[in-house]
Every structure is written in structure tokens, then in C-alpha cells.
Amino acid sequence: MASSKAGLVSIVLLRFMTLAALAGSIVVLFLDKLTLDDGSKFTFKDIIAYRYVLATAAVGFVYTIIQIPFAIYHAIKEKRVFKNQFLPEFDFYADKVCLFVFFFFLRGMVAFLLATGVGAGFALTFELKKFVKDFFDSIKNLGIPGIDESDSALNKFLDKALFATGLLFLGFLCMAVLSIFSSINKITKNSSSSKSNRGCFD
């Protein structure tokens, strides 16, 4: 049960794992830079899908930071900061519903939001890697200087983006498990409330 001591500690650990994975994704994307032989420079900002990956990771990161103090308190004290149903309800909906109005003027589920970032990052990177391979394979016989170096640099750039997306995927998995825990907590709390409100003949 998610309400047991072990379950509460697991939730805290999952929150920290989510935070670490999302932070790693953000850092790797920020460090992912490409400089070609002609002096052209590229970063994740030049590719819309990678900006989306960063945005989803940032939203998940901020949300997780907000949740961690409550999770730690709950694990240590084995009770909520607020004694009413506010936090169980908040966990249930907020693990799924994230107000990322500031980024996309939309509402969506945090776990699903992260999943869309993962999908965008993986899909684009695999497509670009295939395109880059086919392109350089077709021109390598032309004897153009610096081709191998450019090919290697582009692949390193894409590999870092792939790694960042992989970290985002790890964050998504942790968030999905946390979403299950929050659902169990809500069902348990609702069951307890229903039983306590029953009359003699219920």
C-alpha cells in the first residue's frame, strides 16, 4: 500500500529520481552544441522539437520540486501537512494535470506531457540520424574535405539529444508510477471516508 511507511519512502525516492532525470535532461540539452567546419554553430534552440523536450522537462522539474517537501513530510510524520482531503486530491489531479499555461496556453497531464516530449525527441532524433547517415554516405565518395569530421560532429550532437530524451523518458516512467500511487491513495482515502460516513443499516 502506498500509505505504508515503505510506500511513502518509495514515493520520496521516486520524486528524487524524477527530479534527477529531468535535471539531467535539461543539462544535457543545454550542453549539446554543434560547430561545423564552416563555423556554423547550432544548439538545441535551433530545433523546435528539442526546445519542446526542454520545456516538458522544465515543467516536470518545477512540479517535482514543489511536491518533494510534501512527500518528505508525509514519509517522516506519516501524515499530511493539511489534515483535510486537499493533498490527496491535489496529488491525484496534479500528477496528471499540470498548468503549463506559461509555455503552451494549455492544460495537460504531467505524465502525458513528459510522454509527448519523449515522443517528439525520439522521433526527430531517429529521423535526423537516418537522414545524416544517408546524406554523408551519398557524398563521401566526392572527396570533399572535412566530411568525416562533420559526420562525426553531427552524430555526437544527435547522440546527446538522444541521451537527454532518454533521461526525460526515465522521468516519465517515474512520474507514471507516482501517478499510480496517487490514484491508490485517492481510492483508499475515499473508501475510508465512505465507511466512516455509513449509517447503522449501510
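Reader: Aspartate 134: buried, exposed or in between?
Author: Aspartate 134 is partly exposed, its relative accessible area being 40%. Buried here means under 20% relative accessible area and exposed means over 50%, with partly exposed in between (1.4 Å probe, protein chains only).

Reader: What sort of model is this?
Author: This is a predicted model, in which local features need pLDDT of at least 70 and side-chain atom pairs count only at pLDDT 80 or more, while totals for chains, interfaces and linings use all residues. Residues are numbered from 1 along each chain as its sequence is written, and side-chain values use heavy atoms, with hydrogens and water left out.

Reader: Back to aspartate 134. Which side chain does it meet in a salt bridge?
Author: That of lysine 130, at 3.2 Å from N to O. A salt bridge is a side-chain nitrogen of Lys or Arg within 4 Å of a carboxyl oxygen of Asp or Glu. Lysine 130 and aspartate 134 both sit in helix α5, 4 residues apart, which is about one turn of the helix. Lysine 130 is partly exposed, at 49%.

Reader: How many salt bridges by that rule?
Author: The count is 3. Lysine 133 counts as exposed because its relative accessibility is 53%, whereas aspartate 137 is partly exposed at 39%.

Reader: And what does lysine 129 pair with?
Author: Aspartate 159, in a salt bridge of 2.6 Å, N to O. This pair links distant parts of the chain: lysine 129 is in helix α5 (residues 110-139) and aspartate 159 is in helix α6, 30 residues apart. Lysine 129 is partly exposed at 21% relative accessibility, and aspartate 159 is partly exposed at 37%.

Reader: Different topic. How many helices and strands are there?
Author: The protein chain has 6 helices and 4 strands. Both are DSSP runs numbered from the N terminus: helices are H or I with at least four residues, strands are E with at least two. Along the sequence the pattern is α-β-β-α-α-β-α-β-α-α. Of the chain's 202 residues, 38% count as buried.

Reader: What does α2 look like, residues 48-77?
Author: Helix α2 has 30 residues and reaches 44 Å from first to last C-alpha, close to the 44 Å expected at 1.5 Å a residue. The expected span is 1.5 Å times one less than the number of residues.

Reader: Where does α2 bend?
Author: At glutamine 67, by about 30 degrees, and proline 69 follows within four residues. The bend is the angle between axes fitted to the seven residues ending at a residue and the seven starting there. Just after α2, glutamate 78 has a positive phi of about 60 degrees.

Reader: Which residues does UniProt list as transmembrane region?
Author: The unreviewed UniProt entry lists residues 12-31, 51-76, 97-124 and 161-181. Its positions follow the numbering used here, feature names are shortened, and annotations may be inferred rather than shown by experiment. In the model, residues 51-76 are 100% helix and 0% strand, with end C-alpha atoms 38 Å apart. Residues 161-181 are also 100% helix and 0% strand, with 30 Å between the end C-alpha atoms.

Reader: Which residues make the nonpolar surface patch?
Author: Met17, Phe169, Leu170 and Leu173, over about 320 Å². Helix α6 (residues 147-196) gives the most, with 3 residues. Patches are made of residues with over 30% relative accessible area and no salt bridge; like charges are joined within 9 Å, nonpolar side chains (Val, Leu, Ile, Met, Phe, Trp, Tyr) within 5 Å. Accessible areas come from the Shrake-Rupley method with a 1.4 Å probe, and for residues only the protein chains shown count as cover.
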